[in-house]
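Here is a structure to explore through questions and answers. Look it over, then read on.

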Amino acid sequence: QTQRGCPVGCSYCPYFLSQKNKFRAKKPQTVIKELQYLTKKFGFKEITIHDPILSLDIKRLKEICDLIIKNKIDISWQCETHLNHINEETLNLMKKAGCTKMSMGIESANPDVLDLVNRRFKDWDKAKKIINFCKKIGIKTRGYFLLGMPGDSVKGTYMSIELSQYLDLDEANFNLPIPIPGTDPYNRGVKL
């Protein structure tokens, strides 16, 4: 993990509970030292950067990628990001620096659900364009979907499945929401 905190604040997300919304990040040079340690000391060839949104600070992400390339760190990595914080230029640099897979929360195609849980990204054409570009340059894509969130319906569930087909992700993970104490789904359940 190279950063903590997520200011996006989706109401179902445990990142917000455990890390709050204040963004804190390691300096790119610190990230590089850690990668060098993992590759030299333990021979790691692949890692997952498990940040809430690796691309939240695009300038920082680019600097990390540049330093991986400059220091010739031979490692493949995957990350989680947000489709609103990524572009083709950054994706090209990420690929050059060893990124092999990018995961993103799609969550639901049901606009009522997205509004209810404070999920503001709904530009599926932009998502499709980014996913297609990832395929073109060799970055695999994984989308996370939550079925049965507050306000969802059978029709909304089918909409989400159809959206996953439209986006043509390499992987689509469908899960049920976990009402973690402190999240909006939990609080709504307690009130019932």
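Q: Is threonine 81 buried or exposed?
A: This is a predicted model, in which local features need pLDDT of at least 70, side-chain atom pairs count only at pLDDT 80 or more, and totals for chains, interfaces and linings use all residues. Residues are numbered from 1 along each chain as its sequence is written, and side-chain values use heavy atoms, with hydrogens and water left out. Buried means under 20% relative accessible area, exposed over 50%, and partly exposed in between, with a 1.4 Å probe and protein chains only. Threonine 81 has 6% relative accessibility, so it counts as buried.

Q: Which side chain makes a polar contact with the side chain of threonine 81?
A: Threonine 81 lies in strand 4. Helices (H or I, at least four residues) and strands (E, at least two) are DSSP runs, numbered from the N terminus. A polar contact is a pair of N or O atoms within 3.5 Å; within protein, one must be able to donate a hydrogen and the other to accept it, and residues adjacent in sequence count only if both atoms are side-chain atoms. At 2.2 Å, the partner is serine 55.

Q: Which residues of helix 4 are buried?
A: Helix 4 spans residues 88-96. Its buried residues fall within an arc of 165° seen down the axis, so they line one face; the arc is that of the directions from the helix axis to the C-beta atoms. The face turned away carries the exposed residues Glu89 and Lys96. The buried ones are Thr90, Leu91, Leu93 and Met94.

Q: Which residue follows helix 4 with a positive phi?
A: At the start of helix 4, a side-chain oxygen of asparagine 87 reaches to within 3.3 Å of the backbone nitrogen of glutamate 89. After helix 4 comes a residue with phi near 110°, glycine 98.

Q: What covers the buried residues of helix 7?
A: The buried residues of helix 7 are Gly156, Ser160, Leu163, Ser164 and Leu167. They fall within an arc of 100° seen down the axis, so they line one face of the helix. Contact means heavy atoms within 4.5 Å. The cover includes strand 5 (99-107), helix 6 (124-137), strand 6 (140-146) and strand 7 (171-175).

Q: Which exposed residues sit on the face of helix 7 turned away from its buried side?
A: Helix 7 covers residues 154-167. The face turned away carries Val154, Lys155, Tyr158, Glu162 and Gln165.

Q: How many disulfides does a search of the whole structure find?
A: A disulfide is a pair of cysteine sulfur atoms within 2.5 Å. For cysteine 65, the nearest cysteine sulfur is that of cysteine 99, 7.7 Å away. The sulfur of cysteine 99 is 4.5 Å from the closest cysteine sulfur, in cysteine 79, which is too far for a bond. The number found is 0.

Terms used:
Expected span 1.5 Å × (residues − 1).
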